[in-house]
Amino acid sequence: MEANQQYLLEIQSKTDNQIESLRSYAEENAVPIVDRLSLEMIKQLIRIHGAKNILEIGTAIGYSSMHFASVSDDIQITTIERDEKMITQAKTNFETFGYSSQIRLIEGNALEKYSQVDDKVYDIIFIDAAKAQSKKFFEYYTPLLKKGGLVITDNVLYHGFVSNIDIVRSRNVKQMVKKVQKFNEWLMNQENYSTNFINMDDGLAISIKGE
Ligand code: SAM
C-alpha cells in the first residue's frame, strides 16, 4: 500500500466505531464494501452538505449505510439490494447495531424500485452496485435528487484498469471496464452536473446537480 494512504488510514483509525468490525467479516467473505478513505470522504461530504436523506444503490451487508447513518441521528438512509443473502445479513446488522429506525432497506433490482423510493427528495445518491450499470442508475434516480444535491459514484477507476485497459486479459472484465470508461466520459459531459473525479482508493466521482 502506498505510504501516504497507509499513514492516513492509521491516523483515522481512532475514529473507528463498532460498525468497523464488519470490515474484517467482509474481507474474509469476499463481500465488496467501500474502501476506508473513500468512506471517510463521503462521511465528510455528508457533514459539509448537512445531508438528511440519502439514497444508496447497493447495500451488501449494510456497512456503508450504517456508517452514513452514524454521522447524525436525523439522517435517513434508503438503500436498495437484490441479493437474498446480503438482504438477510443487512437486516440482521441493522437490528444488531441499532440502525433499523434510520435505514429502510428496499429489496430487489434497483432498476425497478423507483416507485418505492420516490416519496422523498434526496440530498445525496450513492451509486455502488453493478459497475456496468452506473449510468442506468444515475439516469433512473437523479430525478429524485434535489438541486445542488450530490451523486457519488464508487469504483470509477476500477482496480486501475480504467486508466490501463491493455493489462486486462478477461473479455468480460474488459467489457465492464469499457462501460466504466464510457460512464466516466458521459458523466463529465453532463451539462447539468459538475463532476470531480478523485484518485483515492478505487476512484470516486462526485457530481453536483445544477439548476
Ligand atoms: N455499499 C456497500 C458498502 O460499501 O458497504 C457495498 C455494496 S457492494 C459493492 C454492491 C452490492 O450491489 C452487492 O451486494 C450487489 O448484490 C448489489 N447490486 C448489484 N446490482 C444491483 C441491482 N441492480 N439492484 C440491487 N442491488 C444490486
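This is a predicted model: local features need pLDDT of at least 70, side-chain atom pairs count only at pLDDT 80 or more; totals for chains, interfaces and linings use all residues.
Q: Which strands stand at the edges of the open sheet?
A: The sheet is open and mixed, with 7 strands in the order E3-E2-E1-E4-E5-E7-E6. A strand at the edge has a single partner strand, so one side of it is left without a neighbour in the sheet. The strands in that position are E3 (103–107) and E6 (193–198).

Q: What is the bridge partner of Glu81 in E3?
A: Strand E2 covers residues 76–81 and pairs with E3 in the parallel sense over 5 bridges. In E3, the residue bridged to Glu81 is Glu107.

Q: What angle does the direction of helix H5 make with that of E3?
A: Helix H5 (residues 84–96) packs on the sheet and touches E2 and E3. Its direction relative to that of E3 is about 165°.

Q: At what angle to E6 does helix H8 run?
A: Helix H8 spans residues 171–188 and lies across strand E5 (145–154), E6 and strand E7 (204–209). Relative to E6, helix H8 runs at about 135°.

Q: Is Asn155 buried or exposed?
A: Asn155 lies in the loop between E5 and H8, and its phi is positive, near 65°. Its relative accessible area is 13%. Under 20% counts as buried, so Asn155 is buried.

Q: What is the phi of Asp201?
A: Asp201 is found in the loop between E6 and E7 and is partly exposed, with a relative accessible area of 25%. Most residues other than glycine have a negative phi. Asp201 is not a glycine, yet its phi is positive, at about 50°.

Definitions and conventions. Residues are numbered from 1 along each chain as its sequence is written. Side-chain values use heavy atoms; hydrogens and water are left out. Two strands pair if DSSP finds at least two bridges between them. Helices (H or I, at least four residues) and strands (E, at least two) are DSSP runs, numbered from the N terminus. Contact means heavy atoms within 4.5 Å. Axes are lines fitted to C-alpha atoms, for helices over the stretch in contact, and angles run from 0 to 180 degrees between N-to-C directions. Buried means under 20% relative accessible area, exposed over 50%, partly exposed in between (1.4 Å probe, protein chains only).
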